[in-house]
Amino acid sequence: MARSFIARLALASLFLGVLSGRLNAQHSHELSDTALAAVRASHSSADAMHGMDADWKMAAMAKHMAYTSSRPLTASDSVRAAHVVNELRQAIVKYRDVKVADADGYKMFAPGIKNQPQYHFTKGWNAIRNQRGFDPARPTSLLYKKNARGEFELIGAMYTAAKGTSEEDLNERVPLSVAHWHRHVNWCIPKRNAKERWYETKDGRPVFGPLGVATREECDTADGRFIPQAFGWMLHATTFAGNDLNSIWHDDHMAKDHAMIGDPK
């Protein structure tokens, strides 16, 4: 049960490295390959999440998340942020039909995991182009949830930027007074050719990945590899959450029902 949970949570976060514009970084390939192998090897359970303490999980996750600095809100920032939302809505409204998204190159990540709280459909070419440039109508991923009938409902999209993008550049894309770009930091991962170690726990808690140890010293003690920043910048836009900018640009990574964790098929 614990093995399945750790492997699926690792995969959920690791795939973002591919999306973030670090497609040519060797460690990103290794991380993704390792996580995929871990998921395939895991002996899953439908109730794997229920054995974990939610409060502890949130505290652990917080050690691995970093955000852009907040800025004072200005009227021009609100106008710019609303413009991005309007451009994005017009560009992706046709993807309310998930079949249209698939035909246009947006492919569901981790199709082998069912009951995901949020499904990412990603277009690799957009991820590459978004390393250095920004077009409000060109998100890296589309975000879907399933309704009570099991149908995909489009809720928004995700933008990405390269790891080295400055906060000034991110502010030019979407104002930092409105939106909070995030990145994944302080990761400890197994050393090369040790993918089976993804399953390791200490005192019932993961050693590696997004809920694992969060300092270089702890990682060294665990004989792992410490990564100060894994992947690049990411930003979710819940485009169809109404017209309130706070709701649209709200970052939900620290919400208890977030993360692409579901039940293996």
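A pocket, as the word is used in these legends, is an open set of points on a 1 Å grid where a 1.4 Å probe fits, with protein on both sides within 12 Å along at least five of seven lines. All views show a predicted model.

**Figure 1. The largest pocket and its lining.** The largest pocket holds about 430 Å³ of space. Its lining consists of 19 residues, of which Lys202, Pro206, Gly212, Val213 and Glu218 are the closest to the centre of the pocket. Two or more lining residues come from each of α3 (54–62), β9 (205–206) and α8, and the greatest contribution is that of α3, which supplies three residues. Sorted by class, the lining of this pocket comprises nine nonpolar, seven charged and three polar residues.

**Figure 2. The largest nonpolar core.** This core contains 30 residues, and those with the most contacts inside it are Ile92, Tyr95, Leu142, Tyr144, Trp181 and Trp249. Helices and strands that each give two or more residues to the core are α4, α5 (98–103), β4 (119–122), β5 (141–146), β6 (152–161), β10 and α9 (245–248); among these contributors, α4 gives the most, with six residues.

**Figure 3. The surroundings of tyrosine 144.** Once the neighbours within four places in sequence are set aside, tyrosine 144 is in contact with Tyr95, Val98, Ala101, Gln118, Tyr119, Phe121, Phe152, Glu153, Leu154 and Ile155. Tyrosine 144 is also one of the residues with the most contacts inside the largest nonpolar core, as is Tyr95.

Figure 4. Side chains of opposite charge can pair when their charged atoms come close. Here the side chains of arginine 80 and aspartate 77 meet in a salt bridge, with an N to O distance of 3.7 Å. Both residues belong to helix α4 (residues 75–92), where they are three residues apart, or about one turn of the helix. Aspartate 77 counts as buried because its relative accessible area of 11% falls under the 20% cut-off, whereas arginine 80, at 28%, is partly exposed.

**Figure 5. A salt bridge between two loops.** The side chains of aspartate 223 and lysine 191 form a salt bridge, at 2.7 Å from N to O. Aspartate 223 is in the loop between α8 (216–221) and β10 (225–237), while lysine 191 is in the loop between β7 (182–189) and β8 (201–202), so the pair ties together parts that are 32 residues apart in sequence. Aspartate 223 is partly exposed, with a relative accessibility of 40%, and lysine 191 is likewise partly exposed, with a relative accessible area of 40%.

**Figure 6. The pair formed by glutamate 151 and arginine 149.** Glutamate 151 and arginine 149 form a salt bridge in which the closest N and O atoms are 2.9 Å apart. Arginine 149 is exposed, with a relative accessible area of 64%, and glutamate 151 is partly exposed, at 37%. A search of the whole structure finds seven salt bridges.

**Figure 7. The protein chain as the setting for the close-up views.** The secondary structure of the chain comprises nine helices and 11 strands, and buried residues account for 54% of its 265 residues. Of the contacts between residues at least 6 apart in sequence, 74% join residues at least 24 apart.

Key: Residues are numbered from 1 along each chain as its sequence is written. This is a predicted model: local features need pLDDT of at least 70, side-chain atom pairs count only at pLDDT 80 or more; totals for chains, interfaces and linings use all residues. Side-chain values use heavy atoms; hydrogens and water are left out. A salt bridge is a side-chain nitrogen of Lys or Arg within 4 Å of a carboxyl oxygen of Asp or Glu. Helices (H or I, at least four residues) and strands (E, at least two) are DSSP runs, numbered from the N terminus. Buried means under 20% relative accessible area, exposed over 50%, partly exposed in between (1.4 Å probe, protein chains only). On a 1 Å grid over the protein atoms alone, a cavity is a set of points where a 1.4 Å probe fits but cannot get out, and a pocket is an open set with protein on both sides within 12 Å along at least five of seven lines; lining residues have an atom within 4 Å of a point. Grid points are joined across faces, edges and corners, and a volume is the space filled by probe spheres set on the points. Ala, Val, Leu, Ile, Met, Phe, Trp, Tyr, Cys and Pro count as nonpolar, Asp, Glu, Lys and Arg as charged, and the others, Gly among them, as polar. A nonpolar core is a set of buried Ala, Val, Leu, Ile, Met, Phe, Trp, Tyr and Cys residues joined through side-chain atoms within 4.5 Å. Contact means heavy atoms within 4.5 Å.
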